[in-house]
Amino acid sequence: TNLINWGNNRVFSVELCYLIEKEENYDNKGIPIILQKINEYFYNDSSLLKTDGLFRVPGTLQVENEVKKLFDSTGGLGITISEIPEITPHDVASVLKTYFRELPQPLFNDKCFYSAVDLIKRLDELESNIIKSKLQSIIDLLPNQTYKSVAKSTLELLNTISKYVEVNQMTCDNLATCVGPDFFRPQIENLEQARAIPLANQALALLIQFFDNLDFSNKKTKK
């Protein structure tokens, strides 16, 4: 059977560590099956990575809802995204953004958010090796290895997309602006905090740009 028979099969709006635990018998490589399937979709056909406006141009809501329903009813096993009728790279990118937006806890928690904001506020006075160290500290603030593995997988995909900027027009900054609101979801209680969101997106752009310099291994997490 292609169903994950462990409670229900829901994938969206499910806490990340719970989903990983539920899927662990299915060789999920430490990231949710849905993210594996999205990675396969893009990496198996590099022409898709060159899609103009990828992650900026929205997908079709009807197709996105069908994909969500498909994953929530099966858990994702046996699904090949490229075989879903009429699906486009924009639909798949929208599904990825929706997946992160609907996580009960955001990929990057509030500690990561404020560390990212602080880095950008001080960016002009920092040397390049210190900047890379500060970027690493954002990754180190992720709560556990599950979040680190998911961050690694997703930042790597975005980094790969950015390498095709001449055809897809998606710089690291553009990508970060498009996905930042889904990765960082801080508790916004005043105008100053709201103004900090674009700064966090700038830090996300640097995380994408310097992906190859980051360590996502399970070293001791900083308090």
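This is a predicted model: local features need pLDDT of at least 70, side-chain atom pairs count only at pLDDT 80 or more; totals for chains, interfaces and linings use all residues.
Local features need pLDDT of at least 70 and side-chain atom pairs count only at pLDDT 80 or more, while totals for chains, interfaces and linings use all residues. Residues are numbered from 1 along each chain as its sequence is written, and side-chain values use heavy atoms, with hydrogens and water left out.

Let's start with the cysteines. A disulfide is a covalent bond between the sulfur atoms of two cysteines; here it is called when a pair of cysteine sulfur atoms lies within 2.5 Å. Searching the whole structure turns up zero disulfides. Cys112, for one, is in no disulfide, and its nearest cysteine sulfur belongs to Cys17, 13 Å away. For Cys172, the closest cysteine sulfur is in Cys178, and at 12 Å that's too far for a bond.

Next comes burial. Buried means under 20% relative accessible area, exposed over 50%, and partly exposed in between (1.4 Å probe, protein chains only).

| Residue | Relative accessible area | Class |
|---|---|---|
| Cys112 | 0% | buried |
| Cys172 | 15% | buried |
| Thr154 | 3% | buried |

Now for the helices, which are DSSP runs (H or I, at least four residues) numbered from the N terminus. Helix α2 covers residues 33-43, and nine of its eleven residues are buried, so the rest of the structure largely encloses it. Among the buried ones are Ile33, Leu35, Tyr41 and Phe42. Their cover includes α1 (16-23), α3 (61-74), α4 (89-101) and α7 (145-162).

Thr154 sits in α7. Contact means heavy atoms within 4.5 Å. Leaving aside neighbours within four places in sequence, Thr154 is in contact with Leu35, Leu96, Phe100 and Phe183.

Conventions: Helices (H or I, at least four residues) and strands (E, at least two) are DSSP runs, numbered from the N terminus.
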